[in-house]
Amino acid sequence: MAKMTMIEAIQSAHDTAMDRDEKVVVYGEDVGFFGGVFRCTAGLQEKYGPTRCFDAPINESGIIGTAIGMAAYGLRPCVEIQFSDYVYPAYDQIVSEAARLRHRCAGDFTCPLVIRMPVGGGIFGGQTHSQSPEAVFTHVCGIKTVMPSNPYDAKGLLAAAINDPDPVIFMEPKRLYNGPFDGHHENPVVPWRDHELGEVPEDYYTLPLGKAEVRRSGEAVTVIAYGTMVYVAEAAVAETGIDAEIIDLRTLLPLDLDTIVESVSKTGRCVIVHEATRTSGYGGELATLVQEECFYHLEAPITRVTGWDTPYPHAQEWDYFPSPERVGRALKKVMEA
Amino acid sequence: MSEYPPLTFNVPAPELRPGDTPDFSGVEIPRAGAVRRPRVDVDPKEIRDLAFTIIRVMSRDGEALGEWAPELTDEDCLEGLRHMMRLRAFDARMLMAQRQGKTSFYMQHLGEEAIACAFQRALQKGDMNFPTYRQAGLLIAQGYPLRTMMCQIYSNAEDPNHGRQLPIMYSSKEHGFFSISGNLATQYPQAVGWAMASAISNDSKIAAGWVGDGSTAESDFHAAIVFASTYKPPVILNIVNNQWAISTFQGIAKGESGTFAARGHGFGIPALRVDGNDYLAVYAVAKWAAERARRNLGPTLVEYVTYRAGGHSTSDDPSAYRPKEEGDAWPLGDPLLRMKGYLIRRGIWSEERHTQAEAEIADEILSAQKEAEEIGTLSSGSGPSARDMFEDVFEEMPPHLIKQRQEAGY
């Protein structure tokens with residue numbers, strides 16, 4: 001075991017996957033020589049050579065389009081989109097091509113492809129470096145969407161994604177890269193080395209896609225969260241003293257509905273937290289599923305705490321970012337209902 | 001008051017619209033054999049002129065002339081003609097089948113048969129095409145079963161795509177034919193990526209991307225040539241310029257100057273422009289480009305100048321936007337008749353044998369059609385099961401899809 005930041009864990013996932021399978025190829029903007037603007041591919045070019053880890057032109061559609069061709073050839077490309085905010089030029093390639101390829105030709109060609117991208121706010125990135133576009137991917141049939149919340153999960157889930165026979169969107173909450181950020185931006189950053197989930201095996205391992213993790217057991221209310229919001233929820237629970245059960249989804253699609261249903265059936269209350277904008281957000285899908293599966297257990301309306309339906313602001317970042325206070329208010333409200 | 005006159009807005013328009021009399025006498029067509037054939041390792045800077053001319057081999061009199069005249073055996077040439085005849089006859093039958101309600105949609109190749117049929121001859125087993133919807137000649141030229149193509153068109157129980165795709169969106173990995181997408185130009189960067197993978201793997205296989213004149217305007221066209229120029233993978237980037245993108249003339253995609261082939265120049269990619277209705281010229285140019293790719297010399301951009309003699313698809317009526325006589329007046333002629341004339345002049349073909357071959361091919365297609373229709377058409381017989389549509393979304397069906405399949409009653 002070693003102490004790793006999420007960046008180091010992601011780098012290690014690449015490294016161990018490339019070491020065991022020469023079909024794994026890594027590229028993206030600034031990914032090669034420099035090792036990525038967040039350093040998630042540091043040292044890979046030096047170790048595996050420029051044919052397996054290289055810089056790409058600034059053209060997201062080209063990065064994904066060529067990666068689909070490589071995957072169809074039989075390689076296992078794992079490409080980086082520098083910020084999820086930049087992925088939209090590649091949306092056609094992801095939706096119409098990567099996601100549909102297996103189905104449209106009945107498996108004649110397939111697309112084992114991983115598309116990594118940093119997501120989320122809390123870094124003063126403004127509207128073009130802070131978005132959480134998970135719902136534009138979970139809405140598309142044929143792709144999996146994964147969002148780890150800690151170094152241990154990040155490494156195991158990325159290794160599993162690279163091994164997966166289908167395309168995977170791998171979203172990395174960039175505010176978690178260096179520590180478990182709980183929304184209290186006024187406090188100093190807690191480093192991963194002081195957190196138990198910063199303990200990461202150096203060897204190759206995978207964690208199953210489609211499995212959620214209960215981060216805190218509780219009886220009063222279920223909080224469904226993923227990414228940075230897991231720590232915001234933990235802070236809110238600590239500050240309100242409400243005995244909430246916190247579920248970290250880890251994979252958004254396929255969704256581990258069993259874990260959610262089991263928890264809400266027990267608690268009878270549910271708060272859903274995500275950074276992304278509210279309307280047509282993934283929380284809407286989660287709320288519907290909870291309503292469909294747990295209606296007769298519910299004792300209060302399902303509540304969402306999300307980013308506002310505005311572009312992600314710069315100066316007003318902390319008015320936008322779902323804070324522990326907002327989550328705490330929601331917890332109290334569902335407990336009072 | 002501004003010292004400048006008011007700005008004006010430029011919208012290119014074709015010279016001819018319905019009711020006009022086609023006249024291509026102003027179009028400069030180089031004579032057959034006139035264009036030089038450079039070495040495959042030529043510096044792209046030395047052949048910039050080849051993107052502005054038209055490489056032609058077959059003369060009006062049916063002779064093969066010049067440095068580009070390929071070495072093809074009698075049997076190769078006869079086979080080439082048969083491929084084009086088969087494709088044309090297949091199209092005619094399937095157009096009729098669509099009109100009879102046996103399928104929803106069809107796209108024919110009329111006037112463009114030479115391009116895919118001749119191109120495929122330059123490829124080897126294991127190479128991969130990333131085609132558009134108008135390259136069925138790539139399959140026909142490999143002897144792909146017509147019956148299977150028809151099963152796909154009819155979306156019947158033996159459709160290899162399990163009825164999931166529009167008619168003519170074939171896929172055959174075994175035949176180096178990538179699954180066709182209805183989204184335009186997406187396959188172009190994929191072809192480049194496939195070729196990159198071959199080079200990364202130190203393989204010997206090459207790829208070919210295909211796009212139409214209209215779709216060169218797509219961002220993915222530019223993405224593909226950026227990546228091709230950067231990594232120089234073994235890929236042939238084909239542009240089929242058939243003059244019309246549904247009702248939009250090629251000047252809307254290209255503007256009013258230059259050529260599509262010339263788009264390669266800014267990227268340092270060798271670019272050739274070839275008579276797409278000349279089977280021998282298409283094959284010779286494809287062979288040249290394939291040779292470059294196999295020798296690790298990188299990508300080649302090829303523009304095939306042709307004319308879409310039919311409608312864009314069965315949903316299109318070209319008489320609404322171009323003169324009916326335009327196709328007949330097209331100066332590069334009919335690829336099939338030109339090949340026929342060449343073979344007669346070569347002394348290995350005759351009108352009688354041609355008529356006989358037409359009859360044989362008609363029989364062959366009719367019997368394939370009969371077999372396919374015995375299985376089913378879109379409107380009758382056996383089709384793919386409804387349960388099957390839930391398969392292949394992922395390799396392993398996730399719980400929510402299993403549940404939806406049950407909900408649907410399967």
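For charges I count Lys and Arg as positive and Asp and Glu as negative, leaving out His and the chain ends. A charge sits at NZ of Lys, CZ of Arg, CG of Asp or CD of Glu.

**Ground rules.** This is a predicted model, where local features need pLDDT of at least 70 and side-chain atom pairs count only at pLDDT 80 or more, while totals for chains, interfaces and linings use all residues. Residues are numbered from 1 along each chain as its sequence is written, chains are lettered from A and ligands numbered from 1 in the order in which they are written, and side-chain values use heavy atoms, with hydrogens and water left out.

**Chain A, charges.** I found 28 positive and 47 negative side chains in chain A, and the centres of the two sets are 1 Å apart.

**Chain A, fold.** I looked up the secondary structure next: chain A has twelve helices and 14 strands. Helices (H or I, at least four residues) and strands (E, at least two) are DSSP runs, numbered from the N terminus. I then checked the radius of gyration, taken over C-alpha atoms, against the globule rule of 2.2 Å times the number of residues to the power 0.38.

Buried residues (under 20% relative accessible area, 1.4 Å probe, protein chains only) are 66% of the 337 in chain A. Of the contacts (heavy atoms within 4.5 Å) with a separation of 6 or more, 79% in chain A join residues 24 or more positions apart.

**Helix α7(A).** Eleven of its 13 residues are buried, so α7(A) is largely enclosed by the rest of the structure. Among the buried ones I noted A:Pro151, A:Asp153, A:Lys155 and A:Ile162.

**Chain B.** I count twelve helices and seven strands here. The radius of gyration of chain B is 22 Å, and a compact globule of 410 residues would be near 22 Å, so the two agree. The C-alpha box of chain B is roughly 70 × 65 × 55 Å along the principal axes. In chain B, 56% of the 410 residues count as buried. Chain B carries 42 positive and 54 negative side chains, with the centres of the two sets 3 Å apart.

Conventions
Buried < 20%, exposed > 50% of the residue type's maximum accessible area, 1.4 Å probe, protein only.
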